[in-house]
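Let's take a look around this protein together. Have the sequence and the 3D view ready, and follow along as we go from the whole chain down to the details.

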Amino acid sequence: MIRAFDTDDALTISRLISNNLIHVNSRDYPPHIISSMVAEFTPEYVTTLSKVRQMFVALAGGKVVGTASLDEDTIYTVFVDKDHHGSGIGRLLIEHIESIARESGVPRLQLPSSLTAVRFYEKLGYYAVDSAYSEQMGHSIIMAKDIIPMDERKIITAQDMIPTHKSDFERVEFLKKQSLERIRPILPELLVWLQDINWPIASEIEDLLVKFQAELIPHIQKVLHTKDGGWKYFLLHGLINRLPDPVLLELKSDLHRMQDYPTKDEQYEELEDILEELLARIR
Ligand SMILES: CC(C)(COP(=O)(O)OP(=O)(O)OC[C@H]1O[C@@H](n2cnc3c(N)ncnc32)[C@H](O)[C@@H]1OP(=O)(O)O)[C@@H](O)C(=O)NCCC(=O)NCCS
């Protein structure tokens, strides 16, 4: 059972967190991080947190055996009594928080996961979207999950449509149903997903982008001015190669520059053959 945190739970929660830090998280974090976290999670601090976040506790046999908190769209402080790990309590806590967030219209949740808990969150459908480091807490992995499907959302901004991970087919499917006009503002962000054509969504993003033809040119040129040889390689072999000759012509001087004066990253990718092929089309 899950219920709201009560001030009387503070000592139990503080101990439960410290126990985990010392005996479980210590596998992934150095002693000074563990000590500073243990020092931080006093009963008083837990009580203070409960006033600025929605804090919940899980009960088993009438005893408090876990906790998790929600602050708008972010989940914090998820800990399960270490003797109860693996019995579904963590899942219950997260599912409870997801339903509370969904009810208040939060479309997407995020959380800073400890290195220790990444596999747990992956099991529950969260994806790593970033990483963070702080002196006090060490490394964490920022993870996120859509809890309201794109098709069911009332408001969707251009930003919301940008894929969030390499297998974000939900957003790809959503993008496919949008007009070119709606997608236009996020062309640079979509190009980022062509940095490696082996990423699961990359080829479908390429299919979408190729429809923009000449509009792509300034965005492609920006990539050609980066030092990311791999990205250029995949663009030349994919998107650029798929542009019709009159559009490709607009890249002529860029292609010549790469052929005659390749930068280090371009030399490394051995782009001579593809450049030769492309330039032959527009001679
Ligand atoms: C991470 C934590 C909250 C998970 O709670 P839990 O109650 O043990 O997890 P559950 O039993 O609900 O597990 C749910 C699923 O995740 C899986 N899972 C849990 N921990 C896992 C791990 N470390 N590695 C791989 N899978 C894991 C379970 O096998 C289960 O999968 P299943 O549904 O297919 O059986 C708990 O282990 C914990 O308190 N860890 C230490 C503190 C910590 O790092 N908290 C996170 C701070 S961000």
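This predicted model has 15 helices and seven strands. The C-alpha trace spans about 80 × 45 × 30 Å along its principal axes. As for burial, 27% of the 283 residues are buried. If you take contacts between residues at least 6 apart in sequence, 63% of them join residues at least 24 apart.

Now zoom in on a helix pair. Which way do helix 1 and helix 2 run relative to each other? Helix 1 covers residues 10-23 and helix 2 covers residues 31-40; their axes come within 9 Å and cross at roughly 175°. An angle over 145 degrees counts as roughly antiparallel, so that's what these two helices are. Where they meet, helix 1 brings Ser-18, Leu-21 and Ile-22, while helix 2 brings Ile-34, Met-37 and Val-38. That contact has five nonpolar residues, one polar and no charged ones.

Next stop: the ligand. It's surrounded by 20 residues, and the closest are His-85, Gly-90, Arg-91, Ala-117 and Arg-119. Strand 4 (74-80), helix 4 (89-103), strand 5 (108-114) and helix 5 (118-123) each give two or more residues to this shell.

Here's the shell around the ligand, split by class:

| Class in the ligand shell | Count |
|---|---|
| Nonpolar | seven residues |
| Polar | 10 residues |

Note on methods
Residues are numbered from 1 along each chain as its sequence is written. This is a predicted model: local features need pLDDT of at least 70, side-chain atom pairs count only at pLDDT 80 or more; totals for chains, interfaces and linings use all residues. Axes are lines fitted to C-alpha atoms, for helices over the stretch in contact, and angles run from 0 to 180 degrees between N-to-C directions. Helices (H or I, at least four residues) and strands (E, at least two) are DSSP runs, numbered from the N terminus. Angles under 35 degrees count as roughly parallel, over 145 as roughly antiparallel, 65 to 115 as roughly perpendicular and the rest as oblique. Two residues are in contact if their C-beta atoms, placed from the backbone, lie within 7 Å. Ala, Val, Leu, Ile, Met, Phe, Trp, Tyr, Cys and Pro count as nonpolar, Asp, Glu, Lys and Arg as charged, and the others, Gly among them, as polar. A residue is near a molecule or strand if its C-beta atom, placed from the backbone, lies within 6 Å of it. A residue is buried if 20 or more other C-beta atoms lie within 10 Å of its own, exposed if 12 or fewer, and partly exposed in between; C-beta atoms are placed from the backbone.
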